[in-house]
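Here are my notes on this one, point by point. Have a look at the model first, then read on.

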Amino acid sequence: MAGVFKQLIGWVDERFGQGSVEAFLRHKVIPLHRHTVWYYFGGMTLFLFIVQVLTGILLLLYYRPVPNAAFESVQYIMTQVQFGWLIRSIHSWSANLMILCAFIHMFSVFFMKSYRKPRELTWISGMLLLFIILGFGFSGYLLPWNMLAYFATKVGTQMAGSVPGVGKFLLVSLRGGEEVGEATLTRFFGLHVAILPGLATSLLALHLLLVQLLGMSVPPGVQKAIDEGREKPRTMPFFPNFMLRDIIGWYAALGVLGALAAIFPWELGAKADPFASAPAGIRPEWYFLFAFQTLKYLPAKLLFLEGEFAGMMAFGAAGALWIAVPFIDRKAGFSRVGRFFTGLGIFALGFIFTMSMLALL
Amino acid sequence: MLLGGGVLASIASFLYPALRYIIPPQVAESGSRSVVAAKVADLKRNTGAIFKFGEKPGILIHTAEGELKAFSAVCTHLNCTVQYRDDLHQIWCACHNGKYDLHGRNAGGPPPRPLEEFEVHVQGEDVVVQRKA
């Protein structure tokens, strides 16, 4: 086995220069300090994305994206296909854990100020990936064609429709018509299995390339301690040391996923009925709860704007601000701590947590 | 300048058909202006029922006072389908807690506009709902 591996490296080296593989692998080192644990969440998100791709391909073997067969096909997967319940439940659980890991990764990068120069593009590509992951969540939610999914899609697409000027275009483009129906399911299916995976894979490649090229960031507080001689700079090679630790984490995650899928199989709910009232207690997936709850509190009119549009504007502005943070947070110099943006991050986390809790009450 | 203009024109000529392609062809709305929403005997006092009016849902309410009322069941906030709450004597949207009174007026929560009200006639055993002229 080791011989084959050496031969393979030799084959590559012959073409790209002596030691090229080793240099590529040894280029990246992991800084060791009290926040190193947060570095694992990027890799964990990547692992769960791979699980999503693999289980998604398996689900495609039986899923049928039309309203009179979608719900039944998922029901068929869950009840008739051997281990179908496991594949579908892992896909659902892994989707949720991936979003959780992506959020943890994003906030840890934010608080460690890893977005500062020269890693602005790494941050931007990561933020775009986070939005794409949320797009996966939103589009995939509709595919089982159940009641919750149907109304969540109505609400989500109607929100897009409230944007002045292009709202109608967005609404009709997303729904494939005026109403949520067969065309919407077809479009969301296409989005979920073709457009978003294509975008995600390209952005992921860019994101990983940037991480490889620029290396890992050291938090300003730790850097300051190193600069002042209070702490010694310590590192660990990414390959194989950190990667092996990553793989142990992934192995554990696989165990957790299997256990969650077996103990708490993902529910299917009731089939969507366009001529039934929205059921009491309806709410979206946990990662949209804060937006859902905020919309509940907004009055019909806010100054001269309609409430939901004002809310969307505020969320849109917050998202844009978040992406642009590396260019706004000028204080996050190499060894300085910009307290304003740390405060902003704590506020954002507090807002998301409080609103989500209120939605669950 | 000429080259730049040419490139822009080429991009526009590629994008325009693609954008037009995304918008699906218009589907003619169901021309029917009235529909049999329910049987009189089926609707008890202080209850409501959803009925199909063309491609959209409507709500027929038999009020506690014995009056029959009908509205569009599409919440004016974000498009969810509303329901009648017999405990509140109001029309309620479960999605964002929007409330309407029995005239269809938005009475609480985020809905920005009233529900469209329909005319209701009883013809024999049928409750017929009709769009207002």
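1. The contact draws 27 residues from chain A and 24 from chain B, counting two residues as touching when their C-beta atoms, placed from the backbone, lie within 7 Å. On the chain B side, 15 are nonpolar, seven polar and two charged. Here Ala, Val, Leu, Ile, Met, Phe, Trp, Tyr, Cys and Pro count as nonpolar, Asp, Glu, Lys and Arg as charged, and the others, Gly among them, as polar.

2. Mind the ground rules: this is a predicted model, with local features needing pLDDT of at least 70, side-chain atom pairs counting only at pLDDT 80 or more, and totals for chains, interfaces and linings using all residues. Residues are numbered from 1 along each chain as its sequence is written, with chains lettered from A and ligands numbered from 1 in the order written.

3. B:Cys80 is worth a click. Leaving out residues up to four places away in sequence, B:Cys80 touches A:Phe151, A:Lys154, A:Val155 and A:Ala278, plus B:Cys75, B:Cys93, B:Ala94 and B:Cys95.

4. Now chain A by itself. Chain A has 15 helices and four strands (DSSP runs: H or I of at least four residues, E of at least two, numbered from the N terminus). The radius of gyration of chain A, 23 Å, is close to the 21 Å from the globule rule for 361 residues, so chain A is as compact as a globular protein of that length. That radius is taken over C-alpha atoms, and the rule is 2.2 Å times the number of residues to the power 0.38.

5. In chain A, 75% of the contacts with a separation of 6 or more join residues 24 or more positions apart.
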